[in-house]
Every structure is written in structure tokens, then in C-alpha cells.
Amino acid sequence: MNKKIDFMDEIVNKEGMSRRKALKLMGISPIAAAAIAGTGSGSITKAEASSASGKIVIVGAGAGGVMAMARLRRGLSNPDITIIAPNEKHLYQPGQVFMAAGEYTFDDIVKDNHDFIPDDVNWIKDEVKTFDPDNNKVVLRSGEEVSYDYLVVATGLQYHYEWIDGLTEDMIGKDGISSVYLNNAEKGTAEGGSITWDWFNDLKAAAKEGKPKVIYTQPNTPIKCGGAPQKILYLSDDYLKEAGLTADMTFATNGGKLFGAVPAVDKMLKEVVQPRYGNITNKFKHNLISIDAKNKLATFEHKYTEKGEYDEDLEEYDMINKNEKVVMSYDFIHIVPPMAAVDSVANSKLAWQKGSGKGWLEVDKHSLQHRRYKNVFGIGDICGVPKGKTGGSARHHAPIMVGNLISQMESEKLTESFDGYTVCPLKTQYGKIILAEFDYKGAAPSFPLAVEEPRWIWWAFDLYMLKPMYWHLMMRGLM
Ligand SMILES: Cc1cc2nc3c(=O)[nH]c(=O)nc-3n(C[C@H](O)[C@H](O)[C@H](O)COP(=O)(O)OP(=O)(O)OC[C@H]3O[C@@H](n4cnc5c(N)ncnc54)[C@H](O)[C@@H]3O)c2cc1C
């Protein structure tokens, strides 16, 4: 039996279900499992492919760009696809959290993009500097202009460590500062994973000597994988707990809840997960604005409202907006950087020009078609839609976006609709995950199990199955 699906036997034992049921529960047919194991034929039929034509340019070759490319190649009988992306390497970014936990190494999460981009796709290894949608062209860093009939924007987002006063990217990994997110798509590096694993161990060494103060932050911008800040909190706490150690931990988040999207998950985190550790203090509405690395001080902006005078006419209390600076000292800090759309999109006519989505790609939240430039579509983190900066969302975007793009090419009505699907495999301890799936309306579990329950089966699924599924199925447009 292939080693990659050996763990199914463990599930069968631990969760007490049949092998077929375990596969079914995970939405993996035996055929798909065979494909993951490398024994599937993987043959693609072109029988139903559209004969629509036109030059398609995809910008970005991460999760979204590659999935779009793979599906377009299958969906069109005569695809004319150019992909523009500088990165020779492809990172499986969710794996950075398992790197941080000491479960994966860097080699586990990186592959050559050549493995996914076939020779019949014109790959330009450069970056788009300027989008010019009025003239259906993009301008590259080299100065070359590339025109298109249809454009797919899949650039992802960018980090802004420098928006935190006193912080630069090269400070991550020094003086007790860590950040699991740190990576560089173009260079194909994922330092955040290994730095955070070292940080776990430094923390453990310090906890042997005393009770270190640790802060975990979450910023006031949209972030990819909204659960990652808490994944690091719980995993590091559990890592200490396993060794009989503890630390004084503060989760300082700009948000007002632990998990606003799904109330049942929020309740579980508050009432079961956090009390398990007994050493976590939450600081809501706290946004990290500056850091003094030398003196190990972090300054937060704390916004809140206070009850004022009672207004006799209105028969209600005035609510007064307050804003204070809060300085906290730390021995260790895990920083989640503010994130924003990549500059080339944010500074272009393709971006939302105002409102809460300002800077992000202005696509319709259901069709993923640009609202003003009808030959432009978006996939992945760059999309300015209310939910979903995850690989799981990009996987759900892919068939919808590609279906609608092909309809547009055929001058047909766009019928595919994205429901806002997002997934967060929230690691609550080593060996346990809450598989929080939700969409624009609320909880949207794919499986007939309570969405908020931390389960070993999801840990096994995430650790052993998702990565091969990502490489062998998602990146080939097969799921
Ligand atoms: C620590 C961490 C944990 C995560 N955990 C999870 C998880 O558990 N589950 C989950 O579903 N998701 C998770 N994610 C999120 C997931 O990795 C992203 O949502 C997903 O990769 C988004 O795909 P994308 O194609 O939009 O962006 P990316 O995969 O980041 O790819 C963007 C691509 O665009 C290229 N590019 C950028 N600008 C330009 C330009 N101007 N011109 C040309 N190319 C450009 C880049 O080089 C890159 O190739 C995690 C991410 C991190 C960092």
C-alpha cells in the first residue's frame, strides 16, 4: 500500500469507522485516493471542451493561477494560455504551519512550478508592473507589453511588516520575534515555518527557566488564512504543555471575537479550547502599531466604545468612541503582518477605488468577473470579495471562475456562482483540528459532523492528505 494513505488505517482504528466510510467522509472516492497514491490514470477527456477561442493571460502562478490554468487547458479544445509569474518554485503555503510545529520540513512544501506548467502554456517569467485594462494589455518589469483578449488576475496579496513602526522583515527570527507567514514566492522561500519552529524551541528553553511572556498578534487588515494566528498560539502552548511547561500568553487581536464567522466555533474556542490551557488572556480590538525590539515592548492601538451620558430626548446613552495606546512588554512575540493587495493591482484601474475593499480586485462576489472590465476575472486572495483568503476558497473559485470565463468567451450568460466558501483547519492542539468551513451565509460543513468539534480525523486529513491532494489533484485541476 502507498505510504501516503497508510494513515487511513489509523483513522479506522481511532475514529472507529470503516475504511470506505472514512474515505467517503473526507469526500475522497477510492478512485481519487488512488490518484493521490499515484496509481490513478489521470487521463483528461477533451470530449466536452469548448471550442471558444481567444488569448488568455493569467497573472500569478501560485495556488489560484495554476488551478485556473489547469482547468482552462481542460475546458478549452484549443487553449491559448500565457502565464506571467516570476516564481520558478511553488510553495504549499498552508504547510508553513506544520513546519512551525516541527511536523514538516521546507522540502515537504516546495516543488518546481515546471511540474505544473506544461510546455504548451507560454510561461513568461516576469512580473506585471502595470495593468492597462483600457487597452487590454499588461506591462512587465522588463518593459515588455503583453496584450490579451481575456485576463485572469491571480497575484495573491503582499505583506506589510513595515506598516508596524520599528519593524522590518529582516528582524523576524531575532530577539524573540517570529512570524509563521514569512515567505517569498519569487525566491521560493518559506522562512516563517522554520523560524517559528526554532521560536517554539526557544520558548520551551525559556519556559524551563521561568514563565516567559508571549504575545500573539492579529492585524486590522484582511489576512490570508485567518486562523493561522490562533493555530500558532494553541500549538506553541500545547508544545509547552506536553513538556510540563507553561508561559504567560496574550492573544492581542484587532478583532472582537475569536472566530466571528461561525458562532459555534467561537464558543468552543472560548469555553473549551482556551480553558484547556488556562494561561491565555485575550485582548480584543488591539492592533499592533509599533515595536521596540531592543526593549521588547509592543504598542497597540486599542479602540473601544464607552457609555456616556443618558440622553433624555433620545432615551438612550451616548456611546463615546475611545482610542488609547497600550504598551505591553514581552519575551517572545509572534507577529502577523498587515496584508494588502499587491501594489500592481492596488494602483491600477482594476482595483476597487473606494470602500472597505479599496485596492483589492473589483470582482463580483458571485461570478468573480470584474465589475467594469468584463473580459477580466479574478481568483484567489486578490479578489475583493467579503470572505475567503484561503487556498480552499481558491479551489472553490477555480471551477466557477473558469466556467464563467468560458461562457464569456462563448458570449453566453454567466451561470456559475461562488457562495463565499472558506475553510480554516484550526489546530487547537497537536493531533486536533476544528475544520471550520463557512460561506457568505455562515457555517457550511461539507461533512455531517459538528463543525466546531476538534477532531483527530481532521488533523490526520490535514497533515497527511491535503498536501498530496494539493499537488496531485488541485494543481492539476482535478478537484
Ligand atoms: C502560514 C499560512 C498558512 C495558511 N494556511 C492555510 C490553510 O490551512 N488552508 C488554506 O486553505 N489556506 C491556507 N493559507 C492560504 C493559502 O496559501 C492562500 O490563500 C493561497 O495560496 C492563495 O492563492 P493565490 O494564488 O491567490 O496566491 P499565492 O498562492 O500567494 O500566489 C500568488 C502568485 O502571484 C505571483 N505574483 C504576485 N504579484 C505578481 C505580479 N505583479 N506579476 C506576476 N505574478 C505575480 C506570485 O509570485 C505568486 O506566484 C495559508 C497561508 C499561509 C501563508
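**Note on the predicted model: backbone, ligand shell and charge pairs**

1. Lys296 sits in the loop that runs between strand S15 (286-292) and strand S16 (297-311). The phi angle of Lys296 is near 55°, a positive value in a residue other than glycine. Most residues other than glycine have a negative phi. With a relative accessible area of 26%, Lys296 is partly exposed, because the term buried requires under 20% and the term exposed requires over 50%.

2. Ser411 is placed in the loop between H10 and strand S21 (422-429). Its relative accessible area is 68%, so Ser411 counts as exposed.

3. Which residues are the closest to the ligand? They are Gly64, Asn87, Val128, Asp381 and Gly392, within a surrounding set of 33 residues. By class, this shell comprises 15 nonpolar, 13 polar and five charged residues.

4. An oxygen atom of the ligand is 2.9 Å from a polar backbone atom of Gly391. For Ala63, a backbone N or O atom lies 3.2 Å from a ligand oxygen atom, and for Gly62 the corresponding separation from a ligand oxygen atom is 3.4 Å. The ligand taken alone exposes 990 Å², of which the protein buries 94%. Helix H4 (63-75), helix H5 (95-100) and helix H10 (391-409) are the elements that give two or more residues to the shell around the ligand.

5. How many salt bridges does a search of the whole structure find? The count is 15. Side chains of opposite charge can pair when their charged atoms come close. One of the pairs joins Lys137 to Glu145, with the closest N and O atoms 3.2 Å apart. Glu145 has a relative accessible area of 48% and is therefore partly exposed.

6. Glu362 and Arg372 form another salt bridge, at 2.7 Å from N to O. Glu362 and Arg372 are both in the loop between helix H9 (343-346) and strand S20 (376-378), so the pair ties together parts that are 10 residues apart in sequence. The two partners fall into separate accessibility classes: Glu362 is buried, at a relative accessible area of 7%, whereas Arg372 is partly exposed, at 39%.

7. Asp462 and Lys427 also form a salt bridge, and their closest N and O atoms are 2.7 Å apart. This pair links distant parts of the chain, since Asp462 belongs to helix H11 (residues 456-472) and Lys427 to strand S21, 35 residues apart. Is Asp462 buried or exposed? Asp462 is buried, and Lys427 is buried as well. Elsewhere, a network of salt bridges links Asp126, Glu127, Arg141 and Glu186.

8. His334 is located in strand S18 (residues 332-334). Its relative accessibility is 0%, so His334 counts as buried.

9. Val110 is part of strand S4 (residues 110-112). With a relative accessible area of 16%, Val110 is buried; the cut-off for that term is under 20%. The C-alpha atoms of Val110 and Gly95 are separated by 9.4 Å, the two residues being 15 residues apart along the chain.

10. On the surface, Tyr310, Tyr317 and Met319 form a nonpolar patch, with about 330 Å² of accessible area together. Met319 lies in strand S17 (residues 316-329). Its relative accessible area is 53%, so Met319 is exposed, the limit for that class being over 50%.

Definitions and conventions:
Residues are numbered from 1 along each chain as its sequence is written. This is a predicted model: local features need pLDDT of at least 70, side-chain atom pairs count only at pLDDT 80 or more; totals for chains, interfaces and linings use all residues. Side-chain values use heavy atoms; hydrogens and water are left out. Patches are made of residues with over 30% relative accessible area and no salt bridge: like charges are joined within 9 Å, nonpolar side chains (Val, Leu, Ile, Met, Phe, Trp, Tyr) within 5 Å. Accessible areas come from the Shrake-Rupley method with a 1.4 Å probe; for residues, only the protein chains shown count as cover. A salt bridge is a side-chain nitrogen of Lys or Arg within 4 Å of a carboxyl oxygen of Asp or Glu. Helices (H or I, at least four residues) and strands (E, at least two) are DSSP runs, numbered from the N terminus. Buried means under 20% relative accessible area, exposed over 50%, partly exposed in between (1.4 Å probe, protein chains only). A residue is near a molecule or strand if one of its heavy atoms lies within 4 Å of it. A polar contact is a pair of N or O atoms within 3.5 Å; within protein, one must be able to donate a hydrogen and the other to accept it, and residues adjacent in sequence count only if both atoms are side-chain atoms. Ala, Val, Leu, Ile, Met, Phe, Trp, Tyr, Cys and Pro count as nonpolar, Asp, Glu, Lys and Arg as charged, and the others, Gly among them, as polar.
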